[in-house]
Amino acid sequence: MVNFKHSSLIDAPVEVVWNFHERHDILQILTPPWQPVQVIRRQGGLEVGAISEFRIFLGPLPVRWVARHTECERYRLFSDRQIAGPMESWVHRHEFVQENGKTRLTDAIAYKLPGGPIAELLLSWWVNARLKDMFSYRHEVTKRECEQQI
């Protein structure tokens, strides 16, 4: 199992940052322009049982990725788990913590690559680098959008 974590402090109350994540178009807003990802469907918001389906491209190959929300505590956290996709397993936890009137936003991902420990040894550095790029972008957009609202 490989773990990835990205955290940032946003100068906005937890409610503002949470509500931003509830937007119907949030997946389109938070997808970096350089990533070949298409949002196919989003059923539900952040609540348990909500489904998000994407088409990602690994080189020229389209790959279906479906995630189901498994945990939701309003203004505190929500989690999703891959139910179909390229990873052997994938759990993504989004945490919102109040810090002196600001919000600490943390994305934590635990994943297993197909191919077992050897694949993780050889490829996890590359996956983590891509995740770092993506979540740096996502947090930057979240910070900009949420701080404009106050």
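**Entry 1: ground rules**

Helices (H or I, at least four residues) and strands (E, at least two) are DSSP runs, numbered from the N terminus. I note that this is a predicted model, in which local features need pLDDT of at least 70 and side-chain atom pairs count only at pLDDT 80 or more, while totals for chains, interfaces and linings use all residues. Residues are numbered from 1 along each chain as its sequence is written, and side-chain values use heavy atoms, with hydrogens and water left out.

I looked up Leu122 and found its place in helix α3. Is Leu122 buried or exposed? I use the cut-offs of under 20% relative accessible area for buried, over 50% for exposed and partly exposed in between, with a 1.4 Å probe and protein chains only. Leu122 has a relative accessible area of 54%, so I record this residue as exposed. Together with Ile118, Leu121 and Leu123, Leu122 forms a nonpolar patch on the surface, and the four have about 460 Å² of accessible area together. A patch is made of residues with over 30% relative accessible area and no salt bridge, where nonpolar side chains (Val, Leu, Ile, Met, Phe, Trp, Tyr) are joined within 5 Å and like charges within 9 Å. The areas come from the Shrake-Rupley method with a 1.4 Å probe, and for residues only the protein chains shown count as cover.

**Entry 2: the largest nonpolar core**

I then turned to the interior, where a nonpolar core is a set of buried Ala, Val, Leu, Ile, Met, Phe, Trp, Tyr and Cys residues joined through side-chain atoms within 4.5 Å. The largest such core has 32 residues, and those that touch the most other members are Met87, Trp90, Phe96, Ile109, Tyr111, Leu131 and Cys146. At least two residues of this core come from each of β1 (2-10), α1 (14-21), α2 (26-30), β3 (51-58), β4 (61-73), β6 (89-99), β7 (102-112) and α3 (116-148). Which element gives the most to this core? That is α3, with 7 residues. Leaving out residues up to four places away in sequence, I find Leu131 touching Phe4, Trp90, Ile109 and Tyr111, where contact means heavy atoms within 4.5 Å.

I also checked helix α1, in which Val14, Val16, Val17, Trp18, Phe20 and His21 are buried. Because 6 of its 8 residues are buried, α1 is largely enclosed by the rest of the structure.

His6 sits in strand β1 and counts as buried at 17% relative accessibility. His6 and Ile109 are 103 residues apart in sequence, and I note that their C-alpha atoms are 9.0 Å apart in space. Not counting residues up to four places away in sequence, His6 touches Leu105, Thr106, Asp107, Phe135, Ser136 and His139.

Ser52 has its place in strand β3 and is buried, with a relative accessible area of 7%. With residues up to four places away again left out, Ser52 touches Leu27, Arg41, Arg42, Trp65, Val66 and Ala67.

Thr31 lies in the loop between α2 and β2 (37-43), and at 15% relative accessibility Thr31 counts as buried. A polar atom of the Thr31 side chain is 2.5 Å from the backbone oxygen of Leu27. Beyond residues up to four places away in sequence, Thr31 touches Val37 and Tyr137.

**Entry 3: salt bridges**

A salt bridge is a side-chain nitrogen of Lys or Arg within 4 Å of a carboxyl oxygen of Asp or Glu. How many salt bridges does this rule give? The count comes to 11 salt bridges.

I looked closely at the one between Arg64 and Glu53, in which the closest N and O atoms are 3.0 Å apart. This pair links distant parts of the chain, with Arg64 in strand β4 and Glu53 in strand β3, 11 residues apart. Arg64 is partly exposed at 49% relative accessible area, whereas Glu53 counts as buried at 11%. Arg41 belongs with Glu53 and Arg64 in a network of salt bridges.

Glu95 and Arg93 meet through their side chains in a salt bridge of 2.6 Å, N to O. Glu95 is partly exposed at 24%, and Arg93 counts as partly exposed at 25% relative accessibility.

In the salt bridge of Arg104 with Glu99, I read 3.3 Å between the closest N and O atoms. Arg104 is partly exposed with a relative accessible area of 24%, and Glu99 counts as partly exposed at 29%.

Methods:
A polar contact is a pair of N or O atoms within 3.5 Å; within protein, one must be able to donate a hydrogen and the other to accept it, and residues adjacent in sequence count only if both atoms are side-chain atoms.
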